[in-house]
Amino acid sequence: MKLTFKSKVFLALSIAILIIDICYILLNYTLEKETLNKNLINQGENLESSYQLLMSQEQETMLAIATFVANDPEVAELFYQGKQAIEQEGGGKGKERAAAIRKQLFNKVAPAWQEVQNSFSARQLHFHLGPGSTSFLRVHNDKKYGDTMHDIRHIIVDANRDKHALSGLETGRIYSGIRGVVPVYFTDKINQQRIHVGSLEVGTSFDSLLDTLDNEFDLGIAVLFTAEHIDNLLWEDAKAKRFGSKLNQCNCYLEAISRDNATDFITSITSETVYNQTTVKQSEIAGKHYAITYIPVRDYLGHKDPSQPDIGNIVLWRNIDEQINAFNESMTYNIAYGIIGFLLLEILIYFAVKLAVRSLENEVKHQANKLLKNSWELNLADKIIENLREGIIITDEDAAIVRINQAVADITGYKKDELLGQNPNILSSNTQPNEFYESMWQQLDDKGYWQGEIWNRRKDGEFFAESITITAVKDESAQVRNYVSVFSDVTQQAKQRQHLEKAAFFDTLTGLPNRMLLADRLAQAIELAKRNNNLVACVFIDLDKFKPVNDSYGHQAGDHLLVTLAARMSTILRKQDTLARIGGDEFVAVIGNLTEQEACLTLIERLNAEILNPVKYQDDMLCVSASIGISFYDPMHDISAETLQKQADKAMYKAKELGRNGYQIFTDSMMDN
């Protein structure tokens with residue numbers, strides 16, 4: 001069955017609306033999904049910040065405990081005696097005397113250490129001899145001592161070498177811990193000599209940190225270390241007692257976990273790789289949805305040497321069923337609204353197409369008759385357009401050129417077929433700012449025409465000015481169908497006008513604004529300051545010892561000095577500021593939009609430094625300084641631009657009186673004098 005025109009239109013519109021409807025649903029899905037993922041990532045980053053803060057607090061606590069113990073004179077003396085005994089008994093573990101002193105030290109600190117363990121969850125108190133790291137006494141495991149750990153206990157080695165307190169995460173022979181290490185000094189009572197003995201280390205596990213995070217955020221946390229890291233450092237018996245076996249799916253060991261009943265759970269969410277940056281993933285386990293955050297773990301050596309690999313991950317998981325359910329519910333509503341909207345639009349389109357086709361058929365008949373009637377008039381208009389000396393460009397409603405006359409080709413250098421179908425901006429010189437064109441199009445929309453002057457570019461690259469009128473041509477329904485531009489080449493007149501304007505408002509030597517343009521700029525800055533309630537600085541700059549330069553080296557040298565200094569000062573000032581030359585060696589700067597005077601003074605000091613910098617002229621170096629006067633306009637105390645300049649002039653003369661080569665800020669006392 002052959003479809004009618006009306007049926008084809010209806011079918012085409014239906015398919016288009018269906019595609020748009022599907023795209024709308026997919027777009028909503030994508031946006032909702034991105035929002036959900038972004039929220040989960042932000043929550044993961046917040047968890048990382050909380051973890052890092054708690055880790056820092058744990059390290060500070062360990063350092064505080066270590067410092068307290070190390071500062072006990074009796075502890076320091078026993079440690080020193082133990083070091084002497086080992087040296088006298090041949091090193092290593094030492095012999096009878098070292099063992100006796102080790103026992104005395106243990107008996108001294110063990111009772112208090114038990115209280116520290118209960119109060120601060122500390123689990124390790126370890127005395128290390130230097131250089132390097134040789135265990136003298138493990139209070140937490142007093143049967144193990146005398147072993148050297150130069151290659152694994154980097155924090156101890158560094159503390160003994162640099163004699164500084166250090167903290168960080170590090171794995172030892174027995175377990176990993178959050179550690180604080182301080183140097184221990186013994187003071188000789190006879191000669192008051194302070195002798196470095198070794199280092200004292202206090203450490204704790206992750207348990208307290210994990211419990212705090214779990215209680216605060218209601219989430220599970222586990223600490224996983226790579227098998228390579230643990231296997232290389234722990235004694236075999238300590239590793240077997242501590243971990244049992246490793247987790248094969250991640251080739252790692254479970255160092256700590258906040259929830260004892262979640263050990264099986266952690267095996268289902270561990271990754272085969274160690275994430276080297278904070279990563280958030282979603283996972284569905286046993287019908288529940290979880291957001292899992294992996295935070296890389298770096299030990300003391302890793303923070304010291306960025307090339308070292310991460311030693312594992314902190315894994316945090318939290319239930320997000322509520323967020324997933326909200327997402328699914330939102331998508332269900334989006335799909336329902338999309339289907340209902342599609343059906344309603346289908347009904348409306350059916351009747352709209354029916355009416356539109358009937359109206360279109362009548363309009364076609366009417367326009368055909370009208371075209372026949374106007375054919376002679378169109379031929380006459382075509383001849384007039386082609387023979388005009390002014391250029392005429394006609395575009396469609398989308399600004400594509402559909403017609404030009406010969407004058408356009410003569411003025412621009414383009415052939416007709418090179419311009420047809422192009423946008424008129426092919427002639428743009430890019431000299432007018434975007435705001436110029438925005439204003440032009442706004443007037444075209446509001447009034448239907450625009451008249452003015454534009455600088456464009458010919459085909460050969462030469463700029464030319466055109467006096468142009470653009471008119472929007474509308475149909476009976478007030479819709480724009482064409483734009484007609486009529487223009488003439490006024491390049492010579494525009495260049496002559498620019499030359500006259502430059503001569504009237506700019507200094508011929510430096511190219512800076514002159515006194516007349518300065519007055520206008522200063523008045524504008526004051527009006528703007530009144531509206532915005534901020535400050536304006538008027539700065540008078542008079543070059544010191546400029547006349548000797550002219551007398552000694554000639555006026556060409558003086559002119560070179562003025563041009564160079566003008567260029568230097570212009571680079572110091574901001575784009576919105578004005579630098580003018582008002583006399584032989586006198587300059588004035590207008591610095592607006594200031595919230596405080598200090599911002600201006602910083603610029604003045606930089607200006608003065610540039611002026612003091614010698615200027616090379618031929619084989620000589622020309623040196624001058626400047627006397628600078630500053631007056632500030634404050635809307636709270638309104639004064640005229642003329643008064644503001646007089647005040648700056650007074651301040652400048654005050655700077656000269658005080659020895660030149662400096663600046664003064666105007667005060668009322670200067671006007672009195």
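A cavity here is a set of grid points where a 1.4 Å probe fits but cannot get out. With that in hand, some notes on this predicted model.

1. The structure holds 2 cavities of 30 Å³ or more. The second largest cavity comes to about 60 Å³. Its lining is made up of Gln 124, His 126, Arg 138, His 140, Met 149, Arg 153, Gly 172, Arg 173, Ile 174, Tyr 175 and Arg 179. Sorted by class, that lining gives 3 nonpolar, 4 polar and 4 charged residues.

2. The sheet from β1 to β5. Have a look at the open sheet of 5 strands in the order β2-β1-β5-β4-β3, where the pairing is antiparallel. The edge places go to β2 (134–138) and β3 (166–171); each has a single partner strand, so one side of each is left without a neighbour in the sheet. On average, neighbouring strands are turned by 35 degrees against each other, direction ignored.

3. Strands β1 (residues 122–129) and β5 (residues 194–204) run antiparallel and are joined by 7 bridges.

4. A cis bond to check. Most peptide bonds are trans. The one from Gly 130 to Pro 131, though, is cis, with omega near -5 degrees. You'll find Pro 131 in the loop between β1 and β2.

5. The second largest pocket. About 450 Å³ of space lies in this pocket. Which of its 19 lining residues are the closest to its centre? They are Asn 423, Pro 424, Asn 425, Tyr 437 and Met 440. The elements giving two or more residues to the lining are β11 (391–396), α13 (434–447), β13 (449–457), β14 (463–474) and β15 (480–489). By class, the lining splits into 12 nonpolar, 6 polar and 1 charged.

6. The sheet from β16 to β22. This is another open sheet of 5 strands, in the order β17-β18-β16-β21-β22, and here the pairing is mixed. At its edges stand β17 (578–581) and β22 (662–665), each with a single partner strand, so one side of each is left without a neighbour in the sheet. Neighbouring strands are turned by 20 degrees against each other on average, direction ignored.

7. Contacts in and on that sheet. Between β16 (residues 535–544) and β18 (residues 586–594), which run antiparallel, there are 7 bridges. Cys 538 is bridged to Val 590 in β18. Helix α18 (residues 597–612) lies across β16, β18, β21 (625–633) and β22. Against β21, α18 runs at about 165 degrees.

8. A backbone angle to check. Most residues other than glycine have a negative phi. Lys 545 is not a glycine, yet its phi is positive, at about 60 degrees. Where does Lys 545 sit? The residue is in the loop between β16 and α16 (546–553).

9. Annotated spans. An unreviewed UniProt entry lists residues 9–27 as "transmembrane region". In the model, that span is 100% helix and 0% strand, with its end C-alpha atoms 26 Å apart. Over residues 534–668 the chain is 44% helix and 31% strand, and the end C-alpha atoms lie 21 Å apart.

Terms used: Residues are numbered from 1 along each chain as its sequence is written. This is a predicted model: local features need pLDDT of at least 70, side-chain atom pairs count only at pLDDT 80 or more; totals for chains, interfaces and linings use all residues. Side-chain values use heavy atoms; hydrogens and water are left out. On a 1 Å grid over the protein atoms alone, a cavity is a set of points where a 1.4 Å probe fits but cannot get out, and a pocket is an open set with protein on both sides within 12 Å along at least five of seven lines; lining residues have an atom within 4 Å of a point. Grid points are joined across faces, edges and corners, and a volume is the space filled by probe spheres set on the points. Ala, Val, Leu, Ile, Met, Phe, Trp, Tyr, Cys and Pro count as nonpolar, Asp, Glu, Lys and Arg as charged, and the others, Gly among them, as polar. Two strands pair if DSSP finds at least two bridges between them. Helices (H or I, at least four residues) and strands (E, at least two) are DSSP runs, numbered from the N terminus. Axes are lines fitted to C-alpha atoms, for helices over the stretch in contact, and angles run from 0 to 180 degrees between N-to-C directions. Contact means heavy atoms within 4.5 Å. UniProt positions are given in the numbering used here, feature names are shortened, and annotations may be inferred rather than shown by experiment.
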